[in-house]
Amino acid sequence: MRVKSEGTVKIVALLLLVLLFAGIRLTCPEVCARLWHVMTCGSMQETIDYIQSFGVWAMLFSFCLDVLVNALGFLPSIFISTANGVLFGIVPGVIVSWLAETTGVILSFLLMRTILRDSAEKLIQKSPYLTRLDEFSGKKGFQMMLIARTLPYFPSGILTALGAVSRISVKDYMLSNLIGKFPSTALEVIIGHDAVLFHKHMNRLACVVLLATLVYVAIWYIHRRKKEKEDENPIS
């Protein structure tokens, strides 16, 4: 009885999503076409110009667009993060991008866990490095997801799918993403901002890239040494 009711909920939710997108597509075909083009074209300047065209609503629109891109999971959000830094400044750009990306991956996680679980499992199977789902359960799941989310430019959809098919709790997933997304998003915004305005911030860009590289290499080395010690002295 429970399985049947869960299946009904999934079908109803999926139908509502289809009706929502179909309604938007029918009522605003030009807007949808333009929006899809901007999200998939990979042009930094087009993304900046499109967000800027919304005037006083630009920040709100960028937030919603960033949420949508991260909720979909298969589109890169780096162009939006960079645009936020260029248009609104580094600090506001980091905050908007961080909150939007976190909201997006949480929505995607809830969607995958309740409706698209089979699709999430198939996505995980494509990555030989992310198949140890037991590591993403319980207390260790929080730590693993937190560390993974701190990595900038890492495919967001894969981590979301991994969390969805694992036994990590919703609370731990939300908290690990809220914390872990901040440093990775901040790096994406700062590096993107300085790369676009390279002639003004060449020295800072070089320093940020070098410092970030050293920090992540140090974290990787410490984690590796800890893992080696655990393998040498297994707990019986």
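Predicted model: local features only at pLDDT ≥ 70, side-chain atom pairs only at ≥ 80, totals over all residues.
Two residues count as being in contact when they have heavy atoms within 4.5 Å of each other.

**The overall picture**

What is the protein built from? There are eleven helices and zero strands, so if you read along the sequence the pattern is simply α-α-α-α-α-α-α-α-α-α-α. The protein has 236 residues, and buried ones make up 35% of them.

**How the helices cross**

Let's start with α6, which covers residues 90–114. Helix α4 (residues 58–72) meets α6 with the two axes coming within 7 Å and crossing at roughly 35 degrees. That crossing is right-handed. On the α4 side, the contact is made by Met59, Phe63, Asp66, Val67, Asn70 and Ala71. On the α6 side, the residues include Pro92, Val96, Leu99, Gly104 and Leu107. Sorted by type, the residues of this contact split into ten nonpolar, five polar and two charged.

Helix α6 also packs against α10, this time at an angle of about 140 degrees and with the axes 8 Å apart. That angle makes α6 oblique to α10. The crossing of α6 and α10 is right-handed, and the residues of the contact divide into 15 nonpolar, six polar and five charged.

**A helix tucked away**

Now have a look at α9, residues 156–165. Is it enclosed or out in the open? Ten of its ten residues are buried, so α9 is largely enclosed by the rest of the structure. Among them are Ser156, Ile158, Thr160, Leu162 and Val165.

Helix α10 spans residues 170–196 and holds serine 176. How accessible is serine 176? Its relative accessibility is 0%, so serine 176 counts as buried. Serine 184 comes out at 2%, and because buried means under 20%, serine 184 counts as buried.

What do their side chains reach?

| Serine side chain | Backbone oxygen | Distance |
|---|---|---|
| Serine 176 | Aspartate 172 | 2.9 Å |
| Serine 176 | Tyrosine 173 | 3.0 Å |
| Serine 184 | Lysine 181 | 3.1 Å |

For serine 184, leaving aside its neighbours within four places, the partners are Arg149, Thr150, Leu151 and Pro152.

**One phenylalanine to finish**

Phenylalanine 79 sits in helix α5, which runs over residues 78–88. Is it buried, exposed or something in between? Its relative accessible area is 23%, so phenylalanine 79 is partly exposed. Phenylalanine 79 and glutamate 46 are 33 residues apart along the chain, and their C-alpha atoms are separated by 9.5 Å.

How values were computed:
Residues numbered from 1 in each chain as written. Heavy atoms only, no water. Axes fitted to C-alpha atoms, helices over the stretch in contact; angles between N-to-C directions. Helix = DSSP H or I, 4+ residues; strand = E, 2+ residues; numbered from the N terminus. Left-handed = near helix turned anticlockwise from the far one by under 90°. Nonpolar A, V, L, I, M, F, W, Y, C, P; charged D, E, K, R; others polar. Buried < 20%, exposed > 50% of the residue type's maximum accessible area, 1.4 Å probe, protein only. Polar contact = N/O pair within 3.5 Å; in protein donor to acceptor, adjacent residues only side chain to side chain. Parallel < 35°, antiparallel > 145°, perpendicular 65-115°, else oblique.
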